[in-house]
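Trainee: Hi! Could you walk me through this one? I'm still new to reading structures.
Mentor: Happy to. Let's open it up and go piece by piece.

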Amino acid sequence: METINKIPRMRTLKECISELKELDPHTAVTEYHIRQLAITGVIPRVKAGKKYLINLDTLLEYLENPTAEKFKGKNTAVNTVNGIRALR
């Protein structure tokens with residue numbers, strides 16, 4: 001029996017937005033939003049030099065269900081109180 005290892009589809013921010021626009025040309029998700037998700041730790045990222053690499057599958061999973069258990073506690077947009085969030 002052959003084991004198939006799933007290789008993570010790591011992309012730069014620009015590549016992520018490019019692939020999102022390919023999947024959905026009218027997406028409202030911006031490069032800035034993806035960057036903020038990565039910087040705040042909502043979605044995991046790997047820093048390679050000056051760039052962030054993001055697992056595209058994890059990003060798509062987050063966009064499909066941002067309130068999923070694995071993203072809870074990390075998503076400041078979901079954890080705001082009356083539209084106000086703490087400044088860092």
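Mentor: One thing to keep in mind is that this is a predicted model. The protein chain has three helices and three strands.

Trainee: In what pattern do they follow each other along the sequence?
Mentor: Reading along the sequence, you get β-α-α-β-β-α.

Trainee: Okay, strands please. What order do they take in the sheet?
Mentor: The order is β1-β3-β2, in an open sheet with antiparallel pairing. That leaves β1 and β2 at the edges with a single partner strand each, so one side of each has no neighbour in the sheet.

Trainee: And what holds strands of a sheet together in general?
Mentor: Strands in a sheet pair through backbone hydrogen bonds, and they can do so in a parallel or an antiparallel way.

Trainee: How many bridges join β2 to β3?
Mentor: Four, with β2 covering residues 45-48. As examples, Val-46 has Leu-53 of β3 as its bridge partner, and Ala-48 stands opposite Lys-51.

Trainee: What about β1 and β3? How many bridges do they pair over?
Mentor: Two bridges, between residues 10-11 of β1 and residues 51-55 of β3. Look for Arg-11, whose bridge partner in β3 is Ile-54.

Trainee: How many residues sit between the strands in the hairpin of β2 and β3?
Mentor: Two residues lie between them, and Gly-49 in that hairpin has a positive phi near 70 degrees. Another glycine with a positive phi is Gly-41, which follows α2 and has a value near 85 degrees.

Trainee: Let's switch to helices. Which residues of α2 are buried?
Mentor: Ile-34, Leu-37 and Ala-38 are. They cover an arc of only 100 degrees around the axis, so they are on the same side of α2.

Trainee: Why do residues three or four places apart point the same way in an α-helix?
Mentor: An α-helix has 3.6 residues a turn, so residues with that spacing point the same way.

Trainee: Nice. What do the buried residues of α2 pack against?
Mentor: They pack against α1, β2, β3 and α3.

Trainee: And α3, where does that helix lie?
Mentor: α3 is made of residues 56-64 and lies across β1 and β3, running at about 70 degrees to β3. At its start, a side-chain oxygen of Asn-55 comes to within 2.9 Å of the backbone nitrogen of Asp-57.

Trainee: Which residues of α3 are buried?
Mentor: Leu-56, Thr-58, Leu-59 and Tyr-62 are buried. Their arc around the axis is only 160 degrees, which puts them on the same side of α3. The elements covering them include β1, α1, α2 and β3.

Trainee: How many residues are in the largest nonpolar core?
Mentor: That core has 16 residues, and the ones with the most contacts inside it are Ile-34, Ile-43, Ile-54 and Leu-59. The elements giving two or more residues to the core are α1, α2 and α3, and α1 gives the most, with four residues.

Trainee: What is Ile-43 in contact with, leaving aside its neighbours within four places in sequence?
Mentor: Ile-43 touches Ile-34, Leu-37, Ala-38, Ile-54, Leu-59, Tyr-62 and Phe-71.

Trainee: New topic, loops. Where is Thr-27 found?
Mentor: Thr-27 is in the loop between α1 and α2. A polar atom of the Thr-27 side chain lies 3.2 Å from the backbone nitrogen of Val-29. Leaving aside neighbours within four places in sequence, Thr-27 is in contact with Leu-20 and Lys-21.

Trainee: Last one: what share of the protein chain counts as buried?
Mentor: Of its 88 residues, 25% count as buried. Also, among contacts with a separation of 6 or more, 45% are between residues 24 or more positions apart.

Methods. Residues are numbered from 1 along each chain as its sequence is written. This is a predicted model: local features need pLDDT of at least 70, side-chain atom pairs count only at pLDDT 80 or more; totals for chains, interfaces and linings use all residues. Side-chain values use heavy atoms; hydrogens and water are left out. Two strands pair if DSSP finds at least two bridges between them. Contact means heavy atoms within 4.5 Å. Axes are lines fitted to C-alpha atoms, for helices over the stretch in contact, and angles run from 0 to 180 degrees between N-to-C directions. Buried means under 20% relative accessible area, exposed over 50%, partly exposed in between (1.4 Å probe, protein chains only). The arc is that of the directions from the helix axis to the C-beta atoms. A polar contact is a pair of N or O atoms within 3.5 Å; within protein, one must be able to donate a hydrogen and the other to accept it, and residues adjacent in sequence count only if both atoms are side-chain atoms. A nonpolar core is a set of buried Ala, Val, Leu, Ile, Met, Phe, Trp, Tyr and Cys residues joined through side-chain atoms within 4.5 Å.
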